[in-house]
Amino acid sequence: MTLRIIPATLRDLSYVAANLRPEDRAEIDCQFDQWSPALLALTALQGLAYVAELNGNPEAGFGAAEQRGGLWIAWSWGTRRMRRCVPGITEFFHTVLGSQVAARGAWRVEARALAANDLALRWLGRLGATQRCLLPGYGKNGEDFFLYDWTREGWNHVSLSKTTGTEAAAADADDCRQGRAGARSRTSG
């Protein structure tokens, strides 16, 4: 299993968005009146955007975008095989993305997760985010969300070893045998 984190492209993000795992589709559906894979991909490309590629196939998109000076929004979504990518994304978050966001002057990075999305809630905690509050009725149909954040004072104090345990176990439990449909034909490098 070869995992690579690469800069996102419209093509890769559109593929991931067209093949979302149910948890991510539910979370996205209740935040937009209308959306398409291409629109979601274009929106994601407005900031720092990356793709986790598993055996040459894009399986997850993630990144962060500045909303206003100092305030950033972190995001991620993926296919059913995203679980296998989570340990690599977690490491990349701590070694690369966090530093990139900090270097651009971020004071606060926020993430919102559907309250029913237990995987996302656990992962945000393992990434070192602080759960700030419940956002009752945040979704378009009244769905509850949780607001998480990282602040400049706190994001440099999270140990990488603290973040990888559950995600590695989740990767082992991923028994979806998704094929390479839509995979790119270029070689990994």
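# Strand order and helix packing in a predicted chain

Reader: Among contacts in the protein chain between residues at least 6 apart in sequence, what percentage join residues at least 24 apart?
Author: The model is predicted, so local features need pLDDT of at least 70 and side-chain atom pairs count only at pLDDT 80 or more, while totals for chains, interfaces and linings use all residues. Residues are numbered from 1 along each chain as its sequence is written, and side-chain values use heavy atoms, with hydrogens and water left out. Contact means heavy atoms within 4.5 Å. Among contacts between residues at least 6 apart in sequence, the share joining residues at least 24 apart is 72%.

Reader: How many helices and strands does the protein chain have, and in what order do the elements run?
Author: Helices (H or I, at least four residues) and strands (E, at least two) are DSSP runs, numbered from the N terminus. The protein chain has seven helices and seven strands. Read from the N terminus, the order is β-α-α-α-β-β-β-α-β-α-β-β-α-α.

Reader: What is the order of the seven strands in the sheet, and which are the edge strands?
Author: Two strands pair if DSSP finds at least two bridges between them. The seven strands form an open sheet with mixed pairing, in the order 1-2-3-4-5-7-6. The twist from one strand to the next averages 25 degrees. The edge strands, each pairing on one side only, are strand 1 (3-7) and strand 6 (130-135).

Reader: Is strand 2 buried or exposed?
Author: Buried means under 20% relative accessible area and exposed over 50%, with partly exposed in between (1.4 Å probe, protein chains only). On one side of strand 2, Leu 48, Tyr 50, Ala 52 and Leu 54 are buried, and on the other Ala 49, Val 51 and Glu 53 are buried. Strand 2 is largely enclosed by the rest of the structure, because seven of its seven residues are buried.

Reader: Which residue of strand 2 stands opposite Ile 6?
Author: Strand 1 and strand 2 (residues 48-54) run antiparallel and are joined by five bridges. Opposite Ile 6 stands Val 51.

Reader: Which residue takes a positive phi in the hairpin of strand 2 and strand 3?
Author: Strand 2 and strand 3 pair in the antiparallel sense over seven bridges, with Gly 63 in strand 3 as the bridge partner of Ala 49. The hairpin has two residues between the strands. The residue with a positive phi, near 50 degrees, is Asn 55.

Reader: In what sense do strand 4 and strand 5 pair, and what is the hand of the β-α-β crossover?
Author: Strand 4 (residues 71-78) and strand 5 pair in the parallel sense over three bridges, and Ile 73 stands opposite Glu 110 in strand 5. The chain crosses from strand 4 through helix 4 (residues 82-103) to strand 5. A crossover is right-handed if, with the strands pointing away from the viewer, the path from the first strand over the helix to the second runs clockwise. This pairing is parallel, and the crossover is right-handed.

Reader: How many bridges join strand 5 to strand 7?
Author: Strand 5 (residues 108-114) is mostly covered, with five of its seven residues buried. Val 109 stands opposite Trp 150 in strand 7. Strand 5 and strand 7 (residues 145-151) run antiparallel, and the number of bridges joining them is seven.

Reader: At what angle do the axes of helix 1 and helix 3 cross?
Author: Axes are lines fitted to C-alpha atoms, for helices over the stretch in contact, and angles run from 0 to 180 degrees between N-to-C directions. Angles under 35 degrees count as roughly parallel, over 145 as roughly antiparallel, 65 to 115 as roughly perpendicular and the rest as oblique. Helix 1 and helix 3 are therefore oblique to each other. The axes of helix 1 (residues 10-18) and helix 3 (residues 37-44) come within 8 Å, and they cross at roughly 130 degrees.

Reader: Which residues of helix 5 make the contact with helix 4?
Author: The axes of helix 4 and helix 5 (residues 118-126) come within 11 Å and cross at roughly 25 degrees. The two helices are therefore roughly parallel to each other. From helix 4, the contact is made by Met 82, Arg 83, Val 86, Ile 89, Thr 90 and His 94. From helix 5, the residues are Leu 119, Trp 123 and Arg 126.
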